Amino acid sequence: MKEKFFKFMYGRYGTHYGLDALNKFSLILSIIISLAIAINLLPNEARFVSYIFIFILYLRTFSRNITKRYNENQKFLEVTAPVRAVFTRLKNNATDNKNKYMKCPNCGQELRVPRKMGKIKVICVKCKKEFQSRT
């Protein structure tokens, strides 16, 4: 039985990349919608939206067009990059006790500066602009 499943999945997107970012997003969103319906935050009719996201997940996993699915995931990552950058910076600031992460006001480059140094002069490594910052 296991061999039949491996033979069926051979050459499909799910075996090459597993759960990529777009598939994870579809799965998590469908779970959140289902939980919201279960605790009566959303009407029962919203279950259809949850099913659509699950359908997209299966469609992408069993697809044989690996290049197209890969490009879809890359586009999703490109569109969600600003949101993910904010959460990454928040996570870094919460977990790194020695450094603070900030953006350069001129070019937007991510900078790491030492914590608990008071007001310091920061020089951006990308655009070489100087600015004052409190750490």
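**Salt bridges and a helix pair**

Glu 130 is partly exposed, with 46% relative accessible area. In this predicted model, Glu 130 pairs with Lys 121 in a salt bridge, at 3.8 Å from N to O.

**Salt bridges**

- Lys 121, the partner of Glu 130, counts as exposed at 52% relative accessibility.
- Glu 72 and Arg 69 lie three residues apart in helix α5 (residues 66-95), so about one helical turn separates them.
- Arg 69 is buried, at 12% relative accessibility, whereas Glu 72 is partly exposed, at 27%.
- Helix α5 also holds Lys 75 and Glu 78, three residues apart and thus separated by about one helical turn.
- The side chains of Lys 75 and Glu 78 form a salt bridge of 3.7 Å, N to O, and Glu 78 is exposed at 54% relative accessibility.

**Helices α3 and α4**

- The axes of α3 (residues 21-38) and α4 (residues 47-61) come within 8 Å and cross at roughly 155 degrees, which makes the two helices roughly antiparallel.
- Their crossing is left-handed.
- Residues making the contact include Leu 22, Leu 29 and Ile 33 of α3, and Val 49, Phe 53 and Arg 60 of α4.
- By class, the contact has ten nonpolar, six polar and two charged residues.

Notes
Residues are numbered from 1 along each chain as its sequence is written. This is a predicted model: local features need pLDDT of at least 70, side-chain atom pairs count only at pLDDT 80 or more; totals for chains, interfaces and linings use all residues. Side-chain values use heavy atoms; hydrogens and water are left out. Axes are lines fitted to C-alpha atoms, for helices over the stretch in contact, and angles run from 0 to 180 degrees between N-to-C directions. Helices (H or I, at least four residues) and strands (E, at least two) are DSSP runs, numbered from the N terminus. Angles under 35 degrees count as roughly parallel, over 145 as roughly antiparallel, 65 to 115 as roughly perpendicular and the rest as oblique. A crossing is left-handed if the near helix is turned anticlockwise from the far one by less than a right angle, and right-handed if clockwise. Contact means heavy atoms within 4.5 Å. Ala, Val, Leu, Ile, Met, Phe, Trp, Tyr, Cys and Pro count as nonpolar, Asp, Glu, Lys and Arg as charged, and the others, Gly among them, as polar. Buried means under 20% relative accessible area, exposed over 50%, partly exposed in between (1.4 Å probe, protein chains only). A salt bridge is a side-chain nitrogen of Lys or Arg within 4 Å of a carboxyl oxygen of Asp or Glu.
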